[in-house]
Amino acid sequence: MPQHHLRCTARIDQAQAVLRAMLDHLHEHELSATEHDASWLLDYDGARITFRCEPDTLHAELVAPSQEILYDARMLVHHHLMEFAECGPQDLQWEGDSLAFERPPAFRLLTVDRVHDLTPHLRRVRLRGNDLARYQSQEDIHCKLILPQPGIADPEWPTLAADGTPRFPEGEKRLDIRTYTIRCIDPSQGWLEIDFVLHDDAGPGCSWAARAAVGDQIGISGPGGRTAKPAAWMLLAGDETALPAIARIAEGLTADTRGTVLVEVQSAVDEIALPLPPSMTLQWLHRGEAPAGTTSLLTDAVRALEIPSGSASRYAWVAAEFTAAQTIRSWLRETVGLNNKEQLVVAYWRRGMDETETKSGKRQQKDRPAPVGASS
Ligand SMILES: Cc1cc2nc3c(=O)[nH]c(=O)nc-3n(C[C@H](O)[C@H](O)[C@H](O)COP(=O)(O)OP(=O)(O)OC[C@H]3O[C@@H](n4cnc5c(N)ncnc54)[C@H](O)[C@@H]3O)c2cc1C
């Protein structure tokens, strides 16, 4: 198979310390480099990245089996160097194969094919598009939806800036970006489905879904994010925004998996059928008239669980509003003693803040670095 190559030379202060901080960060996101002959080797979704340092220069060599994978690896290096070396694109010199893309290669244009409500507050939208195979991942089940402003008949989709990063239109044609879970996908038939929570205080994601009609277009980028690791005993917990991920994770569990599923919704009409192994119990938590993100129902239910002791194979996956996620994460780590390989607790949204505000200033909360088009 032909290989594609790029080299990056970055003139930065304290290159060794920057590389160390960057590799530590990537390691936290399950991307581990190995040391070999004074170089660090990192495998990233099919690409091999080799880092080497001189006192004030960091070299990165990228090799990938396709231009698309090479681009993703380039963006990984680019964004992490910008962040950890606090440098600008002008400090990075790229040489090698030219990347002939008009748009970020992860970008796909999707057209609404079908809209139907699973419950009064959960709307499933089937979206059709070409070349969706990269979105069929068992590990990276999340994506970024790229949403035009309402009433814009001819949206402008992202292009690429000279440094290879995605460039988004501004002004009335600006695009909003929101994170969702790919609930189902069939690339051979050219479709994927997203389940949208129709929530109060609707932002661009929810509003788009509320008015979605056959023929409407949106963009997608990704995939990214992390998901649960299979274990003999599993906890899957969250509010309605986590339902698509819980359903997808549950579909992948073996029939002998034991454990508990906890889901907070408004009321019984918001419950849906979940494909669970027979030895997993399911508990719906109804918050009634209390606004989403204001109760301790989920936290209390998690605290009341009997979680198997440390010698058992166990895993907890939780996604919920920021405050609940923080409380549950602390409890699972500090009181139950689950280590990083035994739990993943993610804030899917934050009450009173939109997604852009929630992410700003929260570098340490990001998911596993996603292939960039419009990623986190
Ligand atoms: C990895 C990941 C996967 C996700 N998957 C899904 C998914 O499959 N389906 C899904 O519906 N959501 C999902 N979410 C959550 C979704 O991204 C957020 O709810 C997002 O804020 C929705 O965007 P918006 O434009 O509707 O609202 P925003 O513009 O982001 O926010 C507007 C206002 O709405 C409030 N708000 C946001 N979400 C809710 C809510 N659920 N209930 C009440 N108020 C809310 C905000 O606090 C803010 O005040 C996921 C989030 C992450 C991080």
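**A threonine to start with**

I began with Thr299, which counts as buried because its relative accessibility is 7%, and the cut-off for buried is under 20%. I keep in mind that this is a predicted model. Thr299 sits in helix α5, which covers residues 297-303. I then asked which residues Thr299 is in contact with, leaving aside its neighbours within four places in sequence. I found Ala324, Thr327 and Ile328.

**Around the ligand**

Next I turned to the ligand and its shell. Which of the 27 residues around the ligand come nearest? They are Thr179, His199, Asp201, Gly205 and Arg350.

A backbone N or O atom of Arg350 is 2.6 Å from a ligand oxygen. For Asp195, a backbone N or O atom lies 2.9 Å from a nitrogen atom of the ligand. Arg178 uses its side chain instead: an N or O atom there is 2.9 Å from an oxygen atom of the ligand. I also looked up the cover: the ligand taken alone exposes 920 Å², and the protein buries 94% of that.

Where does the shell come from? I noted β12 (175-186), β13 (191-197), α3 (204-211) and β19 (343-349), each supplying at least two of its residues. The largest share is that of β12, with 4 residues. By type, I have 10 nonpolar, 8 polar and 9 charged residues in the shell.

**Nonpolar cores**

I moved on to the largest nonpolar core, which has 33 residues. Ile12, Ile49, Phe51, Leu58, Leu62 and Leu81 have the most contacts inside it. Elements supplying at least two residues each include β1 (4-11), α1 (15-28), β4 (47-54) and β5 (57-64). Helix α2 gives the most to this core, 7 residues.

Beyond its neighbours within four places in sequence, Leu81 is in contact with Cys8, Ala10, Ile12, Val18, Met22, Leu58, Glu86, Cys87 and Leu92. Apart from this core I found another, of 27 residues, with Leu122, Ala250, Leu344 and Val346 among them.

**Helix α4**

Ala250 sent me to α4 for my last entry. How many of the 9 residues of α4 (243-251) are buried? I noted 8, so to speak a mostly covered helix. The buried ones are Leu243, Pro244, Ala245, Ile246, Ala247, Arg248, Ile249 and Ala250.

Note on methods:
Residues are numbered from 1 along each chain as its sequence is written. This is a predicted model: local features need pLDDT of at least 70, side-chain atom pairs count only at pLDDT 80 or more; totals for chains, interfaces and linings use all residues. Side-chain values use heavy atoms; hydrogens and water are left out. A residue is near a molecule or strand if one of its heavy atoms lies within 4 Å of it. A polar contact is a pair of N or O atoms within 3.5 Å; within protein, one must be able to donate a hydrogen and the other to accept it, and residues adjacent in sequence count only if both atoms are side-chain atoms. Accessible areas come from the Shrake-Rupley method with a 1.4 Å probe; for residues, only the protein chains shown count as cover. Ala, Val, Leu, Ile, Met, Phe, Trp, Tyr, Cys and Pro count as nonpolar, Asp, Glu, Lys and Arg as charged, and the others, Gly among them, as polar. A nonpolar core is a set of buried Ala, Val, Leu, Ile, Met, Phe, Trp, Tyr and Cys residues joined through side-chain atoms within 4.5 Å. Buried means under 20% relative accessible area, exposed over 50%, partly exposed in between (1.4 Å probe, protein chains only). Contact means heavy atoms within 4.5 Å.
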